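Have the model open beside you as you read.

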Protein chains: 2
Amino acid sequence: MDFSQLLKSRIDLINAKLDEYLVEHDNYQKKIYQAMRYSIFAGGKRLRPVMTLAACDIVGGDERLSLPFGCAVEMIHTYSLIHDDLPVMDNDDYRRGKPTNHKVFGQAMAVLAGDALLNKAFEIMAAEAVSGRCDIKRAVKAMLVIAEASGTEGMIGGQVVDIESGNYGINDLHKMEYMHLHKTGALIAASIEAGAIIGGAGEKELESLALFGRNVGLAFQIKDDLLDVEGDQQLLGKPVGSDENNKKSTFVTLMGIEKSKQRIEELTQEAIDSLGIFHDKGWFLIQLARELVGRNK
Amino acid sequence: MDFSQLLKSRIDLINAKLDEYLVEHDNYQKKIYQAMRYSIFAGGKRLRPVMTLAACDIVGGDERLSLPFGCAVEMIHTYSLIHDDLPVMDNDDYRRGKPTNHKVFGQAMAVLAGDALLNKAFEIMAAEAVSGRCDIKRAVKAMLVIAEASGTEGMIGGQVVDIESGNYGINDLHKMEYMHLHKTGALIAASIEAGAIIGGAGEKELESLALFGRNVGLAFQIKDDLLDVEGDQQLLGKPVGSDENNKKSTFVTLMGIEKSKQRIEELTQEAIDSLGIFHDKGWFLIQLARELVGRNK
């Protein structure tokens, strides 16, 4: 299989499993499942769970065993977007070309749908650990890595810095990198680490993959900031210039366009280099990193 | 030790452990930990973790092993209160006599503090499972029971019915019981089940304790509705009559005061009866159930 075939087959696996986890209930819970499904199936790239599967495979594991953990990360990522878009947070009306969750289901339901996705992620991982399908010790380690990456020392910690900083509040690059390494990088790195843990990675393999994840995560975020300035509104599915309208500091406002592009190149190269220990087996993740840097949406 | 001594020593254990889990960080995360601590230490009765410890003990386990799971349940309970109080949900300004989280920290931080407490609960449980301090299989089972009870098939499911029903929208007792059994009862039952699982309970012991939890949880909620009509504002720390002001149906609006009191008695008796298999060892939970029914705040 070439890259795009393998990518597509992994995305198909992930979508089918997410669909299974979020079967719409025909009872009092109908509405909350609709709200959860709306954002889960709103066109996400499935970057994180794809990385989970790839990392499990690269260390010699059966990637299907890592699928529940990848889906859990995707749910955590999606809950964070729903809550971020709320009027009291970033107040965004559109995401990926579609109205945001609270525009469709109302703010109360959007808060609950976010809560429900975060909770469901841990429900899925705990059920998987109980099931005995994969090694129970690996399962709880993967769960812990994901929980730490999404919590106060990870994603939420980054989000707090973002919220607390206010308009153009982040004016040094160190704080900006800290914010994004936590807000975005931590969960991307955890999605890879979790897959590697389920696949039975050794210490060194785990470190290399985590480093890859952090660098790709940061490059991904700088690219996001660039697209907000240079991107095509149609392709992005959201207005360009929203960072400027929201008076947000970004990598681009701090470093300028050229230096931002250069930093993306450096980070991508570092990410690719860290996969050296896997030799030829690194090809899929390397290609994925290159696609992320080259994307136009 | 008599009841109040044992209750106090358990509450002290729980508070010390919660304090340890939420040590205030002197860095970018300072504010979120302040917000989390504010609601965790806002005078909660610690009913749920006390039940976790008692259930672990009643089946012959070392109750200190169940402490992390009790603390996790308390964090989940607290996050649900923070989100419930938000303007887009119940819009409450006071809880237990103190301004609600969003009145002190702002709505964005309150959303994040709730998210962070839910996440932290699973972080703590996953770390406990990894640690090897208690049996890993019991740890993941306890985690699953708690996750299911707090999710769409539990607490969030009940909350959805509450939100969806709107003003005086719940007009049959069946739906009201469904709502409260999920919104309140499920997590109370899970706090007991989790303790029993960590303590190594057998199937029958687990069933009896879960039944006790569900009945106590429902009695607790009807008592809450009664206090909103008959209670003393000073003792409650929130305005009485808030259900009426919020145009909410309650057990009392549906059944009247006398029948509500009668139902509380029945449920408490059923709860107590279900502990029969534990003989004398049931005394603490029985006394706790009686205190909950007799409380005036």
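Before we look at any packing, one cut-off: two residues are in contact when their C-beta atoms, placed from the backbone, lie within 7 Å. Keep in mind too that this is a predicted model.

Start in chain B, with α8(B) and its partner α9(B), the helix that spans residues 173-198. Two packed helices are described by the angle between their axes and the distance between the axes. Here the angle is about 145 degrees, and the axes of α8(B) and α9(B) are 7 Å apart. The crossing of α8(B) over α9(B) is left-handed. Which residues of the two helices meet? From α8(B) come M155(B), G157(B), G158(B), Q159(B), V161(B) and D162(B). Facing them in α9(B) are K175(B), Y178(B), M179(B), H180(B), H182(B), K183(B), A186(B) and L187(B). Sorted by class, this contact has six nonpolar, five polar and three charged residues.

How do the two chains relate to each other? Two copies of a chain are related by a rotation about an axis and a shift along it. In this model, a rotation of 180 degrees with 0.0 Å of shift along its axis superposes chain B on chain A, with an RMSD of 0.0 Å. The two copies are thus related as by a two-fold rotation axis. The same surface serves both copies, too, since 100% of the contact residues of chain B recur in chain A.

Turn next to chain A by itself. Its secondary structure comes to 15 helices and two strands. The radius of gyration of chain A is 18 Å, close to the 19 Å that the globule rule gives for 297 residues, so chain A is as compact as a globular protein of that length. Along the principal axes, its C-alpha atoms fill a box of roughly 50 × 50 × 35 Å. Buried residues make up 53% of the 297 residues in chain A. Among contacts in chain A between residues at least 6 apart in sequence, 71% join residues at least 24 apart.

A few single residues are worth a stop. I286(A) sits in helix α15 (residues 283-294) of chain A. It is partly exposed, because 17 other C-beta atoms lie within 10 Å. Leaving aside its neighbours within four places in sequence, I286(A) is in contact with I272(A) and L275(A).

Then look at R96(A), in the loop between β1 (94-95) and β2 (98-99) of chain A. R96(A) has a positive phi of about 50 degrees although it is not a glycine. Is R96(A) buried or partly exposed? With 15 C-beta neighbours inside 10 Å, R96(A) counts as partly exposed.

Back in chain B, R46(B) lies in the loop between α2 and α3 (47-58). R46(B) is not a glycine, yet its phi is positive at about 60 degrees. R46(B) has 22 C-beta neighbours inside 10 Å, so it counts as buried.

Terms used
Residues numbered from 1 in each chain as written. Chains lettered and ligands numbered in written order. Predicted model: local features only at pLDDT ≥ 70, side-chain atom pairs only at ≥ 80, totals over all residues. Axes fitted to C-alpha atoms, helices over the stretch in contact; angles between N-to-C directions. Helix = DSSP H or I, 4+ residues; strand = E, 2+ residues; numbered from the N terminus. Left-handed = near helix turned anticlockwise from the far one by under 90°. Nonpolar A, V, L, I, M, F, W, Y, C, P; charged D, E, K, R; others polar. Least-squares fit on C-alpha atoms with pLDDT ≥ 70 in both. Buried ≥ 20, exposed ≤ 12 C-beta atoms within 10 Å, placed from the backbone. Rg over C-alpha atoms; globule rule 2.2 N^0.38 Å.
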